[in-house]
Amino acid sequence: MNIINKEVVIIGGGPAGLAAAVELYKKGIQDILIIERENTLGGILRQCIHDGFGLTRFKETLSGPEYAQRFIDEVEKLNIQYITDTTVLSVTKDKKITAASKNGLIIWQAKAVILTMGCRERTRGALGIPGERPTGVFTAGMAQSYINLHNTMIGKNVIILGSGDIGMIMARRMTLEGANVKAVFEILPYPSGLPRNIEQCLNDYGIPLYLSHTITNIHGSSRLTGVTVSEVDEHLKIIPGTEKEYECDTLILSVGLIPENELSLSAGVILDIRTKGAIVDENYQTSVPGVFAAGNVLHVHDLVDFVSLEAENLADSVAAYLEDGNLLACGIKINTSGEINHTVPQYVSGTKEFKLSLRVNKPLRNCVIAITQNGSEINSIKLKKAIPAEMIQIPINHKLLQSDKDLEVCVKC
Amino acid sequence: MKQIYDVLIIGAGVVGSAVAREMARYKLKIGVLEKNHDVCFETSGRNSGVIHGGFAYEIGTLKAECCVEGNLEFDQVAKELDVPFKRTGKVLVGNTDADYKSLQNTIAIGKINGSVGLEILDKEHLHELVPTVIGEFAMFSPTSGIVEPFHYTIALAENAKMNGVDFYLNHEVVGIHREEDGTYTITTTQGNFSTRWVVNCAGLGCVKISDMLGIPGYHIGGTKGNYIILDKKLGPLLPMPVYPVPSSTYMGIHVTPTIEGNVIIGPDADRVDSFTDYSVAQENMDFLAESASTLWPQIHKSDYIRNYCGIQPTWLDGNGVIKDFIIEAREEAPHTINLVCIESPGLTSALPIARRAVRLLSERETLQPNKNFNPNRKGMVRFSEQSDEEKVRLIAENPDYGEVICRCETVTKAEIMQAVHNLLGVDTIVGIKYRTRSMMGRCQGGYCQMRVAEIIQEELGKKVTDVLYARTGSNMFTGKVRE
Amino acid sequence: MLKKYTCIICPNGCDISVEIEDSKILSVEGSACKRGNEYVKQELTNPQRSIASSILLEGGVLPLVSVRLSSPIPKEKISDVMVVIKKALLKAPVYVGQVAIANVLGLGSDVLVTKNVGAK
């Protein structure tokens with residue numbers, strides 16, 4: 001079979017892939033190919049028709065498709081090569097990519113690969129919600145796809161589990177389309193999505209949000225007829241005796257996104273169990289030389305503006321990799337503890353500036369996030385408010401590093 | 001005027017479909033009445049898919065006889081019906097002296113039943129076979145194997161259909177009346193049927209139908225088994241089914257690999273009275289994981305794909321001992337063949353049971369062989385299983401093989417299309433799921449369900465509000481967003 | 001009287017407290033930027049929202065095209081605007097920025113197409 005050589009292959013034509021392509025091209029790398037499995041570029045943004053995208057980047061409040069179009073226009077203008085309706089089946093650690101399309105099996109040999117495949121959603125089955133298994137249970141993204149792309153209405157009386165942004169967005173969407181969204185239940189004692197969405201998606205429409213509640217049973221043998229909801233304690237254990245029945249024909253689950261790394265694994269990329277995305281260094285290079293990752297496939301983002309930034313940040317590194325055949329080793333590990341869930345990147349070299357993206361694992365007020373090395377503080381930021389739903393970014397001047405010892409990131413409140 | 005069937009089979013589970021296929025070897029006008037929207041929707045499709053070795057049944061029972069017969073011939077059967085089958089072997093793992101004695105007893109019984117090659121493995125040899133198991137010793141059954149139960153049932157049904165059998169899905173039998181001329185009029189939810197012979201393969205409904213046939217007196221309960229399906233990445237850690245040493249009433253919580261590479265934990269066994277409550281309870285899931293973990297400590301909630309349950313008909317005698325299959329042709333109900341309480345090992349025993357049903361028929365009526373009977377049935381070519389060269393050839397022949405619809409399981413549009421146009425006319429989402437594996441992966445249809453629903457509407461001319469998930473009343477959509 | 005708001009202008013979602021007396025604003029606290037102050041002032045007098053939805057598309061490669069308002073409208077007019085959007089029909093091809101419904105219900109906001117959709 002014919003093997004086509006490419007300097008850079010980008011797997012996934014969503015916001016991360018598009019931004020990476022454009023930035024790479026501007027840096028002089030022009031032998032790029034974006035591989036997209038859908039029949040248009042744009043990724044998940046195609047179905048995110050609500051606004052709120054581009055506030056930092058474009059100083060405008062755009063819908064998802066509009067945000068994507070800004071980058072698609074650039075790709076077209078620069079004549080960056082892309083192929084749609086093509087699904088990558090495997091990536092080897094030698095950067096050989098095999099994909100299927102109606103025209104046959106296509107194989108590329110890349111010098112560098114950028115993984116930008118995005119996420120999938122956590123399912124009912126993965127959560128193990130007990131009960132019957134009727135139709136009427138949809139993840140929020142499925143509901144969004146049905147309603148926004150497939151012109152298909154999925155139900156009338158809706159309960160939502162999970163106060164993630166997508167769930168709240170769908171609460172509003174379905175209400176505007178005439179559905180009766182009865183309530184949103186969240187197992188944690190705080191919401192998982194942005195406060196602005198609680199305001200404009202739930203409060204605006206009188207949809208109650210119940211924290212510390214979860215669904216303990218699903219009823220209906222053919223179509224959903226109702227759910228049982230229970231309260232949970234501070235350890236997230238069900239409090240017996242608090243069961244309440246809610247009638248509904250639709251249950252929307254907004255209970256977490258999982259980076260879609262099956263292809264990454266096939267390439268031998270090592271994943272971080274905290275992020276479920278690749279372990280990367282400050283170059284966004286994974287454990288496999290020449291394989292880079294950015295966007296939701298690396299760690300779940302809340303704002304697409306930062307996805308684009310992250311993808312652009314790796315352009316220099318990819319260019320350097322192509323030039324030198326390798327990149328400087330990054331031996332300084334970044335450890336997290338306590339309320340810090342994870343950082344990306346997980347390794348740095350100490351030879352150049354880097355930006356740490358991190359999340360806290362519970363809401364904090366008036367706290368200090370400190371980065372220390374060998375006991376002494378390198379950098380710290382003071383935050384009035386920090387919530388798990390919002391990624392925090394801390395730029396670090398490498399000159400402040402005192403050695404090649406590990407860095408520790410923790411919260412000092 | 002409706003035609004008079006020679007044989008109407010009630011129930012298109014694995015047994016009903018097997019009976020249909022075996023009877024199609026003769027010149028008979030055969031029909032199958034199935035109350036659900038697809039074959040193998042109940043007990044036949046909700047088990048761990050094990051082709052049993054035959055050592056777990058009382059000597060001299062039909063269960064033992066049929067199981068061993070079915071097991072030994074299964075390579076041939078799988079080849080004829082183009083159904084993936086792996087004779088993986090199985091281990092029954094023990095730790096105590098009592099376990100050891102029990103296994104020795106099992107081997108003795110197994111030998112008499114005809115189960116071949118049973119032997120005790122010491123700790124070292126056990127761990128050579130299954131490095132990930134916890135146990136001191138085990139009985140190894142080399143003839144045990146795994147198959148996808150719905151693939152098998154669908155294959156049997158399709159082979160029967162290819163050979164002239166009519167399948168009536170969504171036809172629930174509500175009454176049976178013996179006419180003066182000796183024929184039977186069967187009333188279903190979608191009209192009446194006329195037949196000379198009736199075969200009761202109704203599974204959970206076997207007593208209901210038996211009563212209708214004029215053979216009262218059977219009482220069955222249900223045994224519900226819950227299962228958890230684990231991610232395919234666990235597949236390589238479990239090369240064969242691993243069971244703890246069984247007790248006298250049920251098999252213990254096992255872990256079983258599937259042909260596709262997933263791992264199934266379960267079943268447990270709860271006595272139930274309802275034949276329609278397919279709910280899985282939290283306590284059951286917790287117990288499955290906890291119990292199976294003592295045998296195979298690879299179980300983590302983060303690897304859960306899904307859970308499900310199945311109900312088997314169960315018949316206990318006065319001493320609480322599980323009874324044998326009933327395969328009978330009773331004088332008081334002429335021209336009927338009554339199959340009662342076909343529980344485990346029903347999957348393994350399906351064709352042997354079917355042949356015994358045919359024998360009961362042939363003992364009462366001369367049967368002419370059907371010279372055109374073709375025992376071979378070709379399944380769908382699965383893109384994901386092909387070599388790169390084959391994939392290229394497939395796509396060149398049919399470009400729809402190049403369009404991946406289900407990303408998790410790499411199922412292409414060509415397969416979805418073939419499934420939508422399946423031989424039995426099944427048009428539910430779950431029907432497509434069983435036939436292609438789409439929607440069975442990690443994302444559980446998050447990526448592909450929308451497309452499959454669209455294809456069903458386009459190809460079958462269905463209105464959006466008529467797309468069914470699985471059962472009657474499982475309409476998935478309320479309408480268009482804009483029209 | 002103290003009123004509390006969560007600003008929706010940007011993802012920060014600042015918690016803003018407003019002290020008011022006799023409909024006069026005495027103080028605004030908690031916003032990280034000017035826009036937050038503007039937001040709460042608007043919320044007190046005439047809450048505005050922007051919405052996004054879909055319009056039926058004729059002859060397009062997709063059945064619907066996504067749309068949004070060009071500027072916020074009074075919150076209480078949302079359902080009226082939705083009625084208009086639900087009845088609308090566009091013909092493919094359509095382009096980002098195209099005005100689907102100009103000055104909807106005379107509220108000074110256009111309904112704009114937000115996705116390029118080609119003709120079949």
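In this predicted model, the C-alpha centres of domain 1 and domain 2 of chain C lie 30 Å apart. Domain 1 of chain C covers residues 2–45, and domain 2 of chain C covers residues 52–113.

The next topic is the meeting of chains A and B. Here 41 residues of chain A are in contact with 46 residues of chain B. On the side of chain A that touches chain B, the elements giving two or more residues include the strands β6 (87–91), β7 (96–101), β8 (104–115) and β9 (119–121) of chain A. The helices α3 (124–127) and α4 (140–148) of chain A also belong to this list, as does the strand β11 (152–153) of chain A. The most is given by α4(A), with 5 residues. By type, the residues on this side of chain A comprise 19 polar, 12 nonpolar and 10 charged.

Strand pairing also links the two chains. β11(A) and strand β23 of chain B, residues 479–480, run antiparallel and are joined by 2 bridges. Within this pairing, A:Thr152 has B:Lys480 of β23(B) as its bridge partner.

The remaining topic is the buried interior. In soluble globular proteins, nonpolar side chains tend to be buried together. The largest nonpolar core in this model has 280 residues. Those with the most contacts inside this core are A:Ile10, A:Ala20, B:Val242 and B:Ile353. Leaving aside residues up to four places away in sequence, B:Val242 touches B:Val91, B:Val93, B:Val130, B:Val133, B:His254, B:Val255, B:Leu295 and B:Trp296. Another core, of 18 residues, lies apart from the largest one. Among its residues are A:Cys330, A:Tyr347, A:Leu356 and A:Ala386.

Conventions
Residues numbered from 1 in each chain as written. Chains lettered and ligands numbered in written order. Predicted model: local features only at pLDDT ≥ 70, side-chain atom pairs only at ≥ 80, totals over all residues. Contact = placed C-beta atoms within 7 Å. Helix = DSSP H or I, 4+ residues; strand = E, 2+ residues; numbered from the N terminus. Nonpolar A, V, L, I, M, F, W, Y, C, P; charged D, E, K, R; others polar. Pairing = 2+ DSSP bridges. Core = buried A, V, L, I, M, F, W, Y, C linked by C-beta atoms within 7 Å. Buried ≥ 20, exposed ≤ 12 C-beta atoms within 10 Å, placed from the backbone. Domains from an automatic or database assignment.
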